[in-house]
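Here is a short tour of one protein model, meant to be read with the structure open beside you.

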Amino acid sequence: DRAKFDRILMPIAQVLVAEDQLGDLTAESFFLHTLWHEMSHGLGPGKITLDGRETEVRLELKETYSTMEEAKADAMGEWTIFVLTRAGRDYFPAEIFAEQSATYLAGLFRSVRFGIGEAHGQANAIQFNYLMEKKAIAVDEATGRFSIDVAVFEKVIADLVAEICMIQAAGDYEASVKFIEKYGKMAPELASALEKLAGIPVDVEPLFPRYEK
């Protein structure tokens, strides 16, 4: 995670994140997002009952499941960190709201570069477009840089979690399709932003010289 933060996330942020929020990006918040993303896969609807029939969300949402689940895990990871902090658990510092928000913003651009034809990439497009629509993210037309409204983000990310979980709990395939059609597209603002990242690697390849023969 540290290599991705140093070599990918920070260079992306230097190009696309508002200068006054660059200081809020931290490697710890990047790690926490990854950690809580993975734990969030185990939270939310899984096995469900529809009209007396026992089934699973993944079976009902069909080909839309992976994209919706990745979007849920991303959003729920952030939401959980905020909820635990508001509950006074004292796991995170007071700065966690600003740090998590700014780091998450840069992370959207990092992950959407995997492509919207892939579940992780499309899931990040969903989050970007949803947050732009709800005014949690804004772009400065003069600089082309993006900022995140921390207070609005905290509320909107909870709304996003709720919308996805309700679709999953209902096993509503049609609603899932419509949600992805609405939010899982390459918006013009997003496409323009990604064009500025041509010189930044999309991913890193770990090498294990100890095990090379």
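## The largest pocket

Helix α5 gives the largest share of the lining of the largest pocket, 6 residues. Elements giving two or more residues to this lining are α2 (27–40), α4 (65–86), α5 (96–112) and α6 (119–133). Helices here are DSSP runs of H or I with at least four residues, numbered from the N terminus.

The pocket's volume is about 380 Å³. Of its 20 lining residues, H33, T34, D74, R110 and S111 are the closest to the centre. A pocket is an open set of points on a 1 Å grid where a 1.4 Å probe fits, with protein on both sides within 12 Å along at least five of seven lines, and lining residues have an atom within 4 Å of a point. By class, the lining has 5 nonpolar, 8 polar and 7 charged residues.

## About the model

This is a predicted model, in which local features need pLDDT of at least 70 and side-chain atom pairs pLDDT 80 or more, while totals for chains, interfaces and linings use all residues. Residues are numbered from 1 along each chain, and side-chain values use heavy atoms, without hydrogens and water.

## Where α5 meets α7

The axes of α5 and α7 (residues 150–170), lines fitted to C-alpha atoms over the stretch in contact, come within 10 Å and cross at roughly 75°. The two helices are therefore roughly perpendicular (65 to 115 degrees).

From α5, F97, A98, S101 and Y104 meet V150, F153, E154 and I157 of α7, with contact meaning heavy atoms within 4.5 Å.

Definitions and conventions
Points joined across faces, edges and corners; volume = space filled by probe spheres on them. Nonpolar A, V, L, I, M, F, W, Y, C, P; charged D, E, K, R; others polar. Axes fitted to C-alpha atoms, helices over the stretch in contact; angles between N-to-C directions. Parallel < 35°, antiparallel > 145°, perpendicular 65-115°, else oblique.
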